[in-house]
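These exercises go through one protein chain step by step. Try each task on the structure before reading its solution.

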Amino acid sequence: MMRFHRRLVIVFAAAAAGATYARYLRPRQLHWGATPEEVLRALPGDDLVPGPSFNATRAVTVGAPPERIWPWLVQAGLTRAGWYSYDILDNLGRPSARRIIPELQHLAVGDIVPMSPDGKHGMPVQAMDAPKSMIWGTPGDTTWTWQLDPMSDGSTRLISRVRSRYRWLSPTIAFSLLLEFGDFWMMRKMLLNVRDRAEAAP
């Protein structure tokens with residue numbers, strides 16, 4: 001009987017934690033830095049993943065025009081310039097680039113933004129409209145859109161949107177759960193580091 005009560009307490013505690021996360025923490029993580037208008041607006045690539053389980057729009061203001069931010073995004077990726085985030089976790093411990101690398105500036109539609117150590121697996125580039133927007137991902141599964149909106153004061157709103165559909169019975173659910181709980185921290189760090197690099201560039 002004691003064991004039954006203990007399990008019941010654990011179930012209720014887990015349910016309460018899940019409800020708290022869904023009600024209070026998840027919305028803040030999904031929309032960090034973004035205005036309500038940015039969260040609600042349509043972005044290129046939204047139609048590639050209709051009805052996503054995970055729909056995160058984050059943003060940061062960069063004190064630089066889109067042309068100075070774009071090259072940092074183009075060269076991103078494992079085995080390339082890195083992810084400008086927590087290198088020990090997402091770049092095999094190698095420091096992400098702190099300069100624009102000319103030989104990595106030739107990304108094109110159909111190329112892979114690598115996420116594997118061998119550089120062969122990752123997110124295909126779906127569309128590019130330099131220096132305004134870029135879409136990575138797989139239609140119907142996961143997309144990652146970058147939007148660069150110039151402001152009247154010479155700064156830029158750098159917007160990142162990740163849309164993904166969870167497949168609960170697939171082995172890929174492990175990646176989906178990693179996306180759910182780890183994406184916020186990595187994305188926040190990446191946005192801030194891209195901002196700092198673009199602002200510091202001559």
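**Exercise 1.** Classify Arg 195 by its relative accessible area, then do likewise for its salt-bridge partner.

Solution. The model is predicted.
Step 1: Arg 195 has a relative accessible area of 24%. Buried means under 20% and exposed over 50%, with partly exposed in between, so Arg 195 counts as partly exposed.
Step 2: The side chain of Arg 195 meets that of Asp 196 in a salt bridge, at 3.1 Å from N to O.
Step 3: Asp 196 has a relative accessibility of 35%, so this residue is partly exposed as well.

**Exercise 2.** Find the salt bridge of Arg 41 and say which parts of the chain the pair links.

Solution. Step 1: The partner of Arg 41 is Asp 149, and their side chains meet at 2.5 Å, N to O.
Step 1: Arg 41 sits in the loop between helix 2 (36-40) and strand 1, while Asp 149 belongs to strand 5. The two are 108 residues apart, so the pair links distant parts of the chain.
Step 2: Burial is under 20%, so Asp 149, at 16% relative accessibility, counts as buried. Arg 41 reaches 30% and therefore counts as partly exposed.

**Exercise 3.** Is Arg 161 buried or exposed, and which residue does its side chain meet in a salt bridge?

Solution. Step 1: The side chain of Arg 161 meets that of Asp 46 in a salt bridge of 2.8 Å, N to O.
Step 1: Arg 161 is in strand 6 and Asp 46 in the loop between helix 2 and strand 1, so this bridge ties together parts 115 residues apart in sequence.
Step 2: Both Arg 161 and Asp 46 are buried.
Step 3: Together with Arg 163, these two residues form a network of salt bridges. The count of salt bridges comes to six.

**Exercise 4.** Work out the order of the strands in the sheet and name its edges.

Solution. Step 1: The chain has five helices and six strands, in the pattern α-α-β-α-α-β-β-β-β-β-α along the sequence.
Step 1: Strands of a sheet pair through backbone hydrogen bonds, either parallel or antiparallel.
Step 2: Here an open sheet of six strands has antiparallel pairing and the order 1-6-5-4-3-2. Strand 1 and strand 2 (112-114) are the edge strands, since each pairs on one side only. From one strand to the next, the twist averages 25°.
Step 3: Take strand 4 and strand 5 as an example: they pair in the antiparallel sense over six bridges.

Key. Residues numbered from 1 in each chain as written. Predicted model: local features only at pLDDT ≥ 70, side-chain atom pairs only at ≥ 80, totals over all residues. Heavy atoms only, no water. Salt bridge = Lys/Arg side-chain N within 4 Å of Asp/Glu carboxyl O. Helix = DSSP H or I, 4+ residues; strand = E, 2+ residues; numbered from the N terminus. Buried < 20%, exposed > 50% of the residue type's maximum accessible area, 1.4 Å probe, protein only. Pairing = 2+ DSSP bridges. Axes fitted to C-alpha atoms, helices over the stretch in contact; angles between N-to-C directions.
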